[in-house]
Amino acid sequence: MDMKDYLSMEKEMLGIYLSGHPLEKFKKKIEILTNINSLSLMEIDTELEETGTCKNFQDGQNIKIAGIISKIKKKITKNNSLMAFLTIDDLYGSYEVIVFESIFNRYGINIEEEKIVLIERKTFY
């Protein structure tokens with residue numbers, strides 16, 4: 001069994017990666033391509049709750065974050081269109097991403113569990 005399959009089974013059975021992480025071999029590339037990770041997101045949430053402001057990211061600033069899709073929950077909206085809630089794991093934790101109809105229509109075919117993704121968006125709070 002290759003390491004990818006082993007880690008996949010480990011995550012499915014235990015709920016966590018124990019022997020390694022599928023993103024570990026991409027760590028350097030992810031650090032180059034992104035400007036935020038799940039740990040930073042948690043720190044920003046805490047900072048916003050405590051102070052109401054964020055010193056590292058401005059509202060409307062572009063952010064790039066990468067991870068591996070661990071869970072997909074699709075929903076049909078009132079307008080009968082499809083959207084999704086994704087749980088993304090990175091090397092530091094996990095976070096949820098909402099994929100609205102317009103993005104889902106464009107990229108939905110590529111949204112699969114265990115797929116590595118790079119997400120780019122503007123911040124808002």
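The legends below accompany close-up views of a predicted model.

**View 1. The surroundings of Val-97.** When residues up to four places away in sequence are not counted, Val-97 touches Ala-84, Phe-85, Leu-86, Ile-88 and Ile-119. Val-97 also belongs to the lining of the largest pocket, where Ile-65, Val-97, Ile-98, Ile-119 and Arg-121 lie nearest the centre.

**View 2. The largest pocket.** This pocket has a volume of about 1,100 Å³ and is lined by 35 residues, which by class are 24 nonpolar, four polar and seven charged. While α3, β1, β3, α4 (101–107) and β4 each supply at least two lining residues, the largest share, seven residues, comes from β4.

**View 3. The second largest pocket.** With a volume of about 230 Å³, the second largest pocket has a lining that includes Met-3, Lys-4, Tyr-17, His-21, Phe-26 and Glu-114. Helix α1 (residues 3–14) gives the largest share of this lining, four residues, and the lining as a whole divides into seven nonpolar, two polar and three charged residues.

**View 4. Ser-40 in helix α3.** Ser-40 lies in helix α3 (residues 38–51) and counts as partly exposed because its relative accessibility is 21%. Between Ser-40 and Leu-14, which are 26 residues apart in sequence, the C-alpha to C-alpha distance is 25 Å.

Key: Residues numbered from 1 in each chain as written. Predicted model: local features only at pLDDT ≥ 70, side-chain atom pairs only at ≥ 80, totals over all residues. Heavy atoms only, no water. Contact = heavy atoms within 4.5 Å. Buried < 20%, exposed > 50% of the residue type's maximum accessible area, 1.4 Å probe, protein only. 1 Å grid on protein atoms, 1.4 Å probe; cavity = no way out; pocket = protein on both sides within 12 Å on 5 of 7 lines; lining within 4 Å. Points joined across faces, edges and corners; volume = space filled by probe spheres on them. Nonpolar A, V, L, I, M, F, W, Y, C, P; charged D, E, K, R; others polar.
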